Every structure is written in C-alpha cells, then in structure tokens.
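Subject: Structure handover

Hello,

My notes on what was found follow below it.

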Amino acid sequence: MPDIKQLADEIYDAEKTGVPIQPLTERHPALTAADAYAVQLKYAERRMAAGAVVKGKKIGLTSKAMQDMLGVDQPDYGHIFNDMMYDEGEQIDVSQFIQPRIEFEIAFVLKQDIDAGNITAENAADYIDYAVPAAEVIDSRIAGWQIKFEDTVSDNGSAAGAVLGGKQLKLADIDLPAERMEIFKNGMKIDEGYGEAVLGNPLAAVVWLARSLDE
C-alpha cells in the first residue's frame, strides 16, 4: 500500500521547487485510480492549509485522442485554485512552471450548486449561468511528462493555470457541440477544434464531473 500522504507531499514539493519527480506508477506499479485520487485530495488539502482557495474544477482526458494516448477510457479531474487564475490578456510568467503546455477549452460558470444525484444531459444546462472560452495551462510535476493515468490524477490532473475569456455566452444562444475554436500564434492560425470533441457534447463532461465528484 503506497503512503498516500508521502506521495502528495512529493507532488506539492515538486510544484513549489520546480524539480520534477519520477513517475509514481514506476515506483508503485500497484497504484490504483482510487489511490491516485486520494493522493490528489491530500495534495489539495495541503494547498488549502497553506491558504489556497478552490475556485473550480478541471476535466481532463475528454477527447478520444488524449484517452488513447494514456490508454484509458475515461476522463479525469483536478482542482483549480485561486492562485492559478489569470485574466484575459494577462501575461503569464512561464518560469514558475516546470514543463508547461497550453490547452483550449470551454469553461462553465455555475449559477447554483449541482444536484449530482439528479443531473442529466437534459437538465445540466439548468445549473449553468454562462459559458466562456478558456485556456488551461497544464504542467507535469512528473519528469518528462512520462505519465500514466494514475500519475496525472495524483498530480492534480496536471493542472497549473486557467485563463477565462471575458465574453460570456448564454447556452441558449450557442450550439455547444458545433462551437468552433480557432487557435492563433503570432497571428498565424495553427489549429482548430469543435465542442463535440469533448465527449460528444461539453455538457456531458459536466454530468460526468458532477457524478464523479459526488462519488
């Protein structure tokens, strides 16, 4: 049985020092998904004890391509803390990270707490105030991004930063699966994607997250 607190402390210390650690699954091959979420929770508790405030949750591995890469058939989640939040247009000092990458997302701001026992794809929108385009900075406290599912779960879903766009969109005014996001770097388009890449419909991710957190 791995020492859950010790592994959480390793993740926390790696984040603070900028020195990555060897994969947990390499050292603890028997580490389960349940163990990994226990590590994440211990890490989150230590962050909160140091003054951090949970502002939201992130869902990872929602696309088939990412799931295939890690050999899993389910998403994962992590915590977003107040010191991870950035305003649209704000410069982000990447030196605070170890090996950062960026992903582009649709974010939802709730208008009420979700009743996880009764949420469905049909009523999920009732809990949401609006959607915003968002960017997520991901980082791995695991050396070289050599991660398996249990590594990234333990590592708070590889969460590192979140930028929420300023344009607030009511769900009644948009077609989430058909929403297109185009990515530009220095004025040059480099990629595009659609909302349907997120479990077929981004609201399906909301349902999955609510039920998973409820469990």
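A cut-off first: a residue is called buried when its relative accessible area is under 20%, and exposed when it is over 50%. Please keep in mind that this is a predicted model.

Helix α3

With that cut-off, the buried residues of α3 are D35, A36, Y37, V39, Q40, Y43, A44 and R47. What do they pack against? The buried residues of α3 pack against α1 (4–17), β2, α5 (149–154) and α6. An α-helix has 3.6 residues a turn, so residues three or four places apart point the same way. The length of α3 also checks out. The helix covers residues 33–49, which is 17 residues. At 1.5 Å a residue it should span 24 Å, and its end C-alpha atoms are 24 Å apart, so the two agree. Just after α3 comes G51, with a positive phi of about 110°.

The chain overall

The chain has six helices and eight strands. From the N terminus on, they run α-α-α-β-α-β-β-β-β-α-β-β-β-α. The radius of gyration is 17 Å, close to the 17 Å that the globule rule gives for 215 residues, so the chain is as compact as a globular protein of that length. Along its principal axes, the C-alpha trace spans about 50 × 45 × 35 Å. Of the 215 residues, 44% count as buried.

The four-stranded sheet

Four strands form an open sheet with mixed pairing, in the order β3-β6-β5-β4. Which strands stand at the edges? They are β3 (85–87) and β4 (101–110). Each has a single partner strand, so one side of each is left without a neighbour in the sheet. On average, neighbouring strands here are turned by 30° against each other, direction ignored.

Going through the pairs:

- β3 and β6 (residues 159–164) run parallel and are joined by three bridges. D87 has L164 in β6 as its bridge partner.
- β6 and β5 pair in the antiparallel sense over five bridges. V137 stands opposite G161 in β6.
- β5 and β4 run antiparallel, with ten bridges joining them. A107 has V132 in β5 as its bridge partner.

Is β5 enclosed or open? Nine of its eleven residues are buried, so β5 is largely enclosed by the rest of the structure. Helix α6 (residues 202–214) packs on this sheet and touches β4 and β5 (128–138). The direction of α6 makes about 75° with that of β4.

The other strand pairs

β1 (residues 54–60) pairs with β2 in the antiparallel sense, over six bridges. K58 has G78 in β2 as its bridge partner. β2 (residues 76–81) is mostly covered, with six of its six residues buried.

β7 (residues 180–185) and β8 (residues 188–194) run antiparallel, and six bridges join them. K185 stands opposite M188 in β8. The two strands form a hairpin with two residues between them. In the turn, N186 has a positive phi of about 55°.

Best regards

Technical notes
Residues numbered from 1 in each chain as written. Predicted model: local features only at pLDDT ≥ 70, side-chain atom pairs only at ≥ 80, totals over all residues. Heavy atoms only, no water. Pairing = 2+ DSSP bridges. Axes fitted to C-alpha atoms, helices over the stretch in contact; angles between N-to-C directions. Contact = heavy atoms within 4.5 Å. Buried < 20%, exposed > 50% of the residue type's maximum accessible area, 1.4 Å probe, protein only. Expected span 1.5 Å × (residues − 1). Rg over C-alpha atoms; globule rule 2.2 N^0.38 Å.
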